[in-house]
Amino acid sequence: MDTQNGHQNQLIHVLMISFPGQGHVNPLLRLGKRMASQGFLVTFVTTEDFGQGIRKANDSISAEPVPMGDGFIRFEFIDDELAADEPMRRDLDRYLPHLESVGRRWVPAMLTRMAQEKRPVSCMINNSFIPWVTDVAHELGLPCAVLWPQSCASFLIHYYFHHKLVPFPAEDALDRDTEIPTLPVLKWDEVPTFLHPATPYPFLGRAVLAQFKNISRAFCILMDTFYELEPETVDFTSKLLAPIPVRPIGPLFKKAITGSDRVRADSFRADKDCLKWLDSKPDGSVVYISFGTVVYLKQEQIDELALGIEAAGVSFLWVIKPPHPDMSTVHHTLPEGFLDRVGDKGKVISFSPQEQVLAHPAVACFMTHCGWNSSMEAITSGVPLIAFPQWSDQVTDAKFLCEVFGMGAILCRGEQDKRIIPRDEVERCLTEATSGPKGAEMKKNALKWKDAALQAIANGGSSDVNFTNYMDEIRQKSESVLADSNGNGYPNGHANGH
């Protein structure tokens, strides 16, 4: 064990800090595992409240370093000093400043302790909603990279909105189109919903946009996309942010890493029995339905979806998750007799091993909320989509998946639709996506993007080269940080930022 500890202490140590949300944690952890596999020690940090959930679902989540390829990954959790049922957690306008206040005390103390333990941190990485991490790193003289968890198109839209570079929908022009270089014209309901004046969640827009106030302090912007998917937008964004490099390094979930499956940050254990059920189905026969970890549809919409699926006569695997404990709502139910009528053609589960499901040959298409993590998983698996976005960048992703990438059909236009999608529209969309010329064209395009994604992460591919360049940059910066640290891991010999 001492030999192992000695080895860890010789590795470049990277500190990753994530906002406590599943869609934020997953891509950052994927990046952390990949960096660890290249011979780094990675400490992954999020809040204790979120950590409790992932520890219950995964025995490998602990402060003890877990071997990962040529390196190690370990976990620490910040106590946000709030009770489990504290309402502030649901109000980001209050919670995020509170988390920043706690984090600005906690993170420097953690860095000092790590330096005293002979494993000083020489680089920090954060994701959206917690831009103060970039400021803390800057104050301490540590390099910091930012992982943007959405598409490059979404990054550019938010950048343009923050800097007021083009007109967006406004109180006096709610249905205004938005025109941004390299992107198709965005209708009012195709702009990320948190940027629209009619959004009921303006605090989420403020949370996303906060990162753009100090983006120039990051030494690198990483994106879980790949160059071939958005070439003109990546090139344009790179020129806009120069000299800060924009590095598409996705799809992050796809790179095979020894020991990677041991360490996951899912808050619940997935139902893997569904994979055996899929084994019993013919290739390309099952519709996979899942709306992510946050979206919770109205009961009436669940009823219409069920009856539309039944009318289409397709086999389906449907993830119907329980409501979050904070939500004052009851668990969804299915129409009376529905499961009896569909019999073995349908299976309903609470939590899915989504990456494995999408890779299964039985899956014909994916009805999805179009969150970027799910979108990248579908693109890389070559699975056509039925787009059922609700909010945020989901509506923008749906436009690109369906109209630009040509691998999906739009069933819902998001919360701005303000309607329940009826069963006949569900039936028609399912039928088109699983049979006939439109379905065949969607599948053809999906397979084209799958090939492009796999080439991007293959040795010498665009994402592989970007990742290698990024790692080389960290190694160089690490040498500089440690040389200036007077032996304790921090420039100027201190870790308090003053």
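This is a predicted model: local features need pLDDT of at least 70, side-chain atom pairs count only at pLDDT 80 or more; totals for chains, interfaces and linings use all residues.
Leaving aside neighbours within four places in sequence, alanine 207 is in contact with Leu92, Leu96 and Phe129. Is alanine 207 buried or exposed? Its relative accessible area is 4%, and because buried means under 20%, alanine 207 counts as buried. Glutamate 190 is 17 residues away from alanine 207 along the chain, and the C-alpha atoms of the two are separated by 19 Å.

From one residue we can go to the whole chain. The domain assignment gives domain 1, made of 12-264 + 458-488, and domain 2, made of 272-454. The C-alpha centres of domain 1 and domain 2 lie 28 Å apart. How many residues of domain 1 are in contact with domain 2? There are 41 on the side of domain 1, and they are in contact with 29 residues of domain 2.

The next topic is the interior. In soluble globular proteins, nonpolar side chains tend to be buried together. In this model the largest nonpolar core has 123 residues, and the members that touch the most others are Leu15, Met124, Ile221 and Trp318. Which helix gives the largest share of this core? Helix α4, residues 92-116, supplies nine residues. Domain 1 and domain 2 both give residues to this core, so the core lies between them. A second, separate core has 34 residues, including Phe44, Ile61, Phe77 and Ile125.

Methionine 124, named above for the largest core, shows what such packing looks like around one side chain. Apart from neighbours within four places in sequence, methionine 124 is in contact with Leu15, Ile17, Val107, Leu111, Val133, Ala137, Leu142, Pro143, Cys144 and Ala145.

Two packed helices are described by the angle between their axes and the distance between the axes. The axes of α4 and helix α5, residues 132-140, come within 10 Å and cross at roughly 40°. That angle makes α4 oblique to α5. The crossing of α4 and α5 is right-handed. On the α4 side, the residues that meet α5 are Leu99, Glu100, Gly103, Arg104, Val107, Pro108 and Leu111. Their partners in α5 are Trp132, Asp135, Val136, Glu139 and Leu140.

Most residues other than glycine have a negative phi, and most peptide bonds are trans. Glutamate 81 has a phi near 65°, which is positive although the residue is not glycine. Glutamate 81 sits in the loop between β4 (71-78) and α4, and is partly exposed, with a relative accessible area of 45%. Lysine 118 also has a positive phi, near 70°. The place of lysine 118 is the loop between α4 and β5 (121-126), and with a relative accessible area of 58% this lysine is exposed.

Where do cis peptide bonds occur? One joins alanine 242 and proline 243, with omega about 10°. Proline 243 is in the loop between α8 (231-241) and β8 (246-248). Another cis bond joins glycine 250 and proline 251, with omega about 0°. Proline 251 is in the loop between β8 and α9 (273-279).

Conventions
Residues are numbered from 1 along each chain as its sequence is written. Side-chain values use heavy atoms; hydrogens and water are left out. A nonpolar core is a set of buried Ala, Val, Leu, Ile, Met, Phe, Trp, Tyr and Cys residues joined through side-chain atoms within 4.5 Å. Buried means under 20% relative accessible area, exposed over 50%, partly exposed in between (1.4 Å probe, protein chains only). Helices (H or I, at least four residues) and strands (E, at least two) are DSSP runs, numbered from the N terminus. Domain bounds come from an automatic or database domain assignment. Contact means heavy atoms within 4.5 Å. Axes are lines fitted to C-alpha atoms, for helices over the stretch in contact, and angles run from 0 to 180 degrees between N-to-C directions. Angles under 35 degrees count as roughly parallel, over 145 as roughly antiparallel, 65 to 115 as roughly perpendicular and the rest as oblique. A crossing is left-handed if the near helix is turned anticlockwise from the far one by less than a right angle, and right-handed if clockwise.
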